[in-house]
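Let's take a friendly walk through this structure. We'll start with its open spaces and then turn to the ligand.

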Amino acid sequence: MLSMENSSKNIFLIGLMGAGKTTIGRALARRMHLQFLDSDHEIEARTGVSIRTIFELEGEQGFRTRESATIEDLTLRQGVVLATGGGAILLPETRQYLHNRGTVIYLRARPEDLYKRTKHDRDRPLLQTEDPLAKLRALLESRHSFYEETAHIIIDTGEQGVSRLIANIERELLAFQHLS
Ligand code: S3P
């Protein structure tokens, strides 16, 4: 992991699809009296169409360009909890916005758990395949080093419920703030 060079109050959540970024992010924002933002929702609000439609019209590359520009803006705000899309760490400039402008938490999960939470989903273009579990395994394999290098804190989500996870995150945040 790289060290943090800023003293921002922002918290950015990264991790694969189904890791719980939106659920945890909302709960964390409420507890810490910060504003909750979600980069996928913001992209949909800005374009007026769904993520699925953006993938259909512009491909993954077109989506990544929009995602990066959105995250560039959202990370400049102050006092926010931002849930990012699972692939937000793919472009080097997006990794830098996240890492340099807040505390980045990687919600790490096993592909089997991610699969359980996403198997009925029809909105995530990358999971509309014959074998979504194999796809999640492959995505984890190709992305895990990006998640790890972008994060300041790694939280293993496992089977824990939301309140337990929030308590873990708060403890890790305190310890991290003492160190930096
Ligand atoms: C993606 C994750 C999705 C969304 C898009 C691509 C990815 O967000 O940004 O479907 O590449 O992992 P969630 O992680 O919130 O599902």
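On a 1 Å grid over the protein atoms alone, a pocket is an open set of points with protein on both sides within 12 Å along at least five of seven lines, and its lining residues have an atom within 4 Å of a point. The model is predicted, so to speak of local features takes a pLDDT of at least 70, side-chain atom pairs count only at pLDDT 80 or more, and totals for chains, interfaces and linings use all residues. Residues are numbered from 1 along each chain as its sequence is written, and side-chain values use heavy atoms, with hydrogens and water left out.

With that in hand, look at the largest pocket. Its volume is about 640 Å³, a volume being the space filled by probe spheres set on the grid points, which are joined across faces, edges and corners. Its lining counts 30 residues, and Met17, Asp40, Ile51, Gly85 and Arg124 lie nearest the centre. Two or more lining residues come from each of α1 (21-32), α2 (39-47) and α3; helices here are DSSP runs (H or I) of at least four residues, numbered from the N terminus. The biggest share is from α3, with six residues. By class, this lining has eight nonpolar, ten polar and twelve charged residues, where Asp, Glu, Lys and Arg count as charged, Ala, Val, Leu, Ile, Met, Phe, Trp, Tyr, Cys and Pro as nonpolar, and the others, Gly among them, as polar.

Now, what takes up the space of the largest pocket? It's the ligand, and a molecule sits in a pocket if more than half of its atoms lie within 2 Å of the grid points. There are 13 residues around the ligand, with Lys21, Asp40, Arg64, Arg124 and Arg143 coming nearest; being near takes a heavy atom within 4 Å. Helix α3 (residues 51-74) gives the most to this shell, three residues. The shell has five nonpolar, three polar and five charged residues.

| Residue (polar side-chain atom) | Distance to a ligand oxygen atom |
|---|---|
| Lys21 | 2.5 Å |
| Asp40 | 2.8 Å |
| Arg64 | 2.6 Å |

The protein covers 94% of the 390 Å² of accessible area that the ligand has on its own, by the Shrake-Rupley method with a 1.4 Å probe.

The second largest pocket holds about 160 Å³ of space. Among the residues lining it are Ala19, Arg117 and Leu165.

Finally, a look at α2. At its start, a side-chain oxygen of Asp38 reaches to within 3.0 Å of the backbone nitrogen of Asp40. After α2 comes Gly48, with a positive phi near 80°.

Note on methods:
Polar contact = N/O pair within 3.5 Å; in protein donor to acceptor, adjacent residues only side chain to side chain. 1 Å grid on protein atoms, 1.4 Å probe; cavity = no way out; pocket = protein on both sides within 12 Å on 5 of 7 lines; lining within 4 Å.
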